[in-house]
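Trainee: I'm new to this one and would like a close look at a single part of it. Could you walk me through the charged pairs once it's on screen?

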Amino acid sequence: MAQIRSIYEFNSAIVREPSTSVVNGLRSGDRVGPTYEGVKAEHDAYIAAVWNAGVEVTVLPPLEAFPDSIFVEDPALVFTEGAILLRSGTPSRVHETAEIGPVLRAMFETVLELPAPGQADGGDVMYTPKGVLIGLSARTDKTGAEALVCCIEQIGGRAQIAETPRGVLHFKTACSLLDDETVISTAALADAAVFSDFRQIVVPEGEEPAANVLRVNDIVLVSSNYPRTIEMLDKQGYEVVPLKTAEIEKIDAGLSCMSLRWYRKGK
Ligand code: CIR
């Protein structure tokens with residue numbers, strides 16, 4: 001895959017407005033759900049931060065029938081070279097792909113579809129300068145991950161399969177790319193030696209959800225719930241932009257989940 005400067009240099013993004021049904025978003029255990037107003041406020045601040053980082057954001061309308069459709073990262077993957085439509089491993093999210101498909105077909109010349117019967121969620125897919133990592137999880141099965149490796153190869157990339165730590169929803173719930181050489185992760189993922197080719201920063205104990213940060217151009221979006229992680233990244237010279245995630249965390253989400261991001265040539 002011809003790499004455009006770096007893997008976190010973006011000029012285009014897609015987000016979707018939350019629906020009022022977001023209060024019924026999927027969540028583990030018996031967590032109390034979020035309020036619509038709270039999610040909307042966090043989403044608005046997120047859009048503003050992504051725009052401020054130099055990215056043109058396309059905002060899609062809410063989908064009442066799909067409470068989790070605000071998390072556009074999951075039904076598709078986007079690269080400069082093309083998009084890949086995925087098939088969620090959870091029934092209530094499968095049809096989100098049909099909603100985002102036409103949008104991506106209008107924006108990308110090449111749009112591939114994950115072959116059936118494989119399942120994969122975008123939250124399990126991490127782009128790195130050394131290739132794409134696909135984490136196996138309750139949402140991404142081996143059949144889906146293997147098919148996805150082939151799709152990524154078809155658009156000129158390379159990918160390999162990794163394990164997602166137990167008890168974690170998505171691979172990227174537990175890790176994120178900070179720069180071309182550095183990954184931030186939970187201690188559990190650091191111990192799994194998935195990132196032996198990278199410099200690794202481990203989030204402080206008790207701040208595990210902070211491992212889902214989002215590098216966009218020069219800035220790193222970090223949840224404001226985790227002050228020790230913010231201080232650590234700040235000391236290491238990253239330009240941190242804290243954002244509230246208290247409401248979206250109630251439905252098991254983090255910062256990367258709310259956008260699809262890519263570098264669009266010729267803009
Ligand atoms: C779900 O369970 O699918 C949503 N409640 C949260 C999705 C978070 N997405 C992500 O980590 N990429």
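Trainee: Let's zoom in on glutamate 146: what is its relative accessible area?

Mentor: Glutamate 146 has a relative accessible area of 40%, which makes it partly exposed. On that scale, buried means under 20%, exposed means over 50%, and partly exposed is in between, using a 1.4 Å probe and protein chains only. A quick word on the model: it's predicted, with local features needing pLDDT of at least 70 and side-chain atom pairs counting only at pLDDT 80 or more, while totals for chains, interfaces and linings use all residues. Residues are numbered from 1 along each chain as its sequence is written, and side-chain values use heavy atoms, leaving out hydrogens and water.

Back to glutamate 146: its side chain meets that of lysine 142 in a salt bridge, at 2.9 Å from N to O. The term means a side-chain nitrogen of Lys or Arg within 4 Å of a carboxyl oxygen of Asp or Glu. Both residues sit in helix H3 (residues 142-154), 4 residues apart, which puts about one helical turn between them. Helices (H or I, at least four residues) and strands (E, at least two) are DSSP runs, numbered from the N terminus. Lysine 142 is exposed, at 54%.

Across the whole structure, the search finds 13 salt bridges.
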